[in-house]
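Hi everyone, thanks for making time.

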Amino acid sequence: SRTKGEETVAHIRSVVGASASVEFLELDLSSLRSVRSCAEQYLEHHAKLDILLLNAGVMACPFSLTDEGRLEMQFATNHLGHFALTKYLLGAVKAAAPGSRIEVVSSAAHYIPFAADIASQVMGRPPMSLEYTSVSDVNAQSERLYSPWLAYGRSKLNNVLFASELSNRVRDSGVFVNSLHPGGIHTNLARHVIEASAQQIGDRVSMFFQGLIQPLMMTPEQGAVTSLYLATSPEVVEQGIHGRCKMVHR
């Protein structure tokens, strides 16, 4: 949001100094119009882009559709918006090569579709992931099939596959593309999970389990380390790290 973005800009300037070169561009990854507008604003003032870190996401939310495209919200936000933004800005990233980078924040949840397939086969049912990755699963026809966690896992699997294929296509241009799993981080990403658990097992029991889990979670500062490593470490270029899915780096 603009409010949070401008607060972050002010915080950076308070730490680095008032002369820090930092700017905010408003972007809603669930809106392809917003994605295009943001990219156009960036390209109007900048010819190159050294690092594109694709980090936005929603997790296990109730079924909903985007306003303009009528697409399932997790697929639209976690994958499609990032795909479109990368498409618009890829020329600028290539212009900053060699050594420019695109990092896609995925999750170990990308294994969920495979786990669902195994569970289906054990129960003698057809593989679920094929049905859940059909065209109907990303539009208004998919509500009857919708599973919050399976939809989230599918979107995170799309992140990994996107990064892997993009890496193959741009490798000769000097652009490094990787995906990553940052680990369990204590942010508001799990707000929908908390709301659902409170409805199912009650507020007090839900708060009890949250109290047990929270000490095991990383802070946002700790969770950012994996992303920052892939975005800034010289090892990425020196070791030729391309198309990899990097797990927690602490």
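Start with the side chains of Asn-78 and Ser-155: a polar contact of 3.0 Å joins them. This is a predicted model, by the way, so keep that in mind throughout. Asn-78 belongs to helix α3. Is Asn-78 buried or exposed? Asn-78 is buried, and its relative accessible area comes out at 0%. Setting aside neighbours within four places in sequence, Asn-78 touches Ala-56, Gly-57 and Val-58, and also Tyr-152, Ser-155, Lys-156 and Asn-159.

Take α3 and helix α6, which covers residues 148–170. Their axes come within 8 Å and cross at roughly 15°. That angle is under 35 degrees, so α3 counts as roughly parallel to α6. If you care about handedness, the α3 and α6 crossing is right-handed. Who's taking part? From α3 we have, among others, Gln-74, Phe-75, Asn-78, His-79 and Phe-83. The α6 side includes Tyr-152, Ser-155, Lys-156, Asn-159 and Phe-162. Sorted by class, that contact between α3 and α6 has nine nonpolar, seven polar and three charged residues.

Now, α3 has another partner. How do the axes of α2 and α3 cross? Helix α2 is residues 32–45, α3 is residues 73–95, and their axes come within 9 Å, crossing at roughly 20°. So α2 and α3 are roughly parallel to each other too, and α2 passes α3 in a right-handed crossing. On the α2 side you'll find Leu-32, Val-35, Arg-36, Ala-39, Tyr-42 and Leu-43. They meet Leu-80, Gly-81, Ala-84, Leu-85, Tyr-88, Leu-89 and Ala-92 in α3. By class, this contact of α2 with α3 is made up of 11 nonpolar residues, one polar and one charged.

The backbone oxygen of Lys-156 lies 2.8 Å from a polar side-chain atom of Ser-106. Where is Ser-106? Look in the loop between β2, residues 101–105, and α4, residues 112–122. Ser-106 is buried, with a relative accessible area of 4%. Beyond its neighbours within four places in sequence, Ser-106 is in contact with Lys-156, Asn-159 and Val-160, plus Leu-180, His-181 and Pro-182.

Most peptide bonds are trans. The one from Ala-97 to Pro-98, though, is cis, with omega near 5°. Pro-98 is in the loop between α3 and β2.

One more stop, over in helix α1, residues 2–16, where Gly-5 lies. Gly-5 is buried, at a relative accessible area of 12%. Gly-5 and Phe-24 are 19 residues apart along the chain, and their C-alpha atoms are separated by 6.1 Å.

Let's zoom out to finish. The secondary structure comes to 11 helices and four strands. There are 250 residues in the protein, and 40% of them are buried. And if you take contacts between residues at least 6 apart in sequence, 72% join residues at least 24 apart.

That's my tour. Happy to turn the model around if anyone wants another look.

Technical notes. Residues are numbered from 1 along each chain as its sequence is written. This is a predicted model: local features need pLDDT of at least 70, side-chain atom pairs count only at pLDDT 80 or more; totals for chains, interfaces and linings use all residues. Side-chain values use heavy atoms; hydrogens and water are left out. Axes are lines fitted to C-alpha atoms, for helices over the stretch in contact, and angles run from 0 to 180 degrees between N-to-C directions. Helices (H or I, at least four residues) and strands (E, at least two) are DSSP runs, numbered from the N terminus. Angles under 35 degrees count as roughly parallel, over 145 as roughly antiparallel, 65 to 115 as roughly perpendicular and the rest as oblique. A crossing is left-handed if the near helix is turned anticlockwise from the far one by less than a right angle, and right-handed if clockwise. Contact means heavy atoms within 4.5 Å. Ala, Val, Leu, Ile, Met, Phe, Trp, Tyr, Cys and Pro count as nonpolar, Asp, Glu, Lys and Arg as charged, and the others, Gly among them, as polar. Buried means under 20% relative accessible area, exposed over 50%, partly exposed in between (1.4 Å probe, protein chains only). A polar contact is a pair of N or O atoms within 3.5 Å; within protein, one must be able to donate a hydrogen and the other to accept it, and residues adjacent in sequence count only if both atoms are side-chain atoms.
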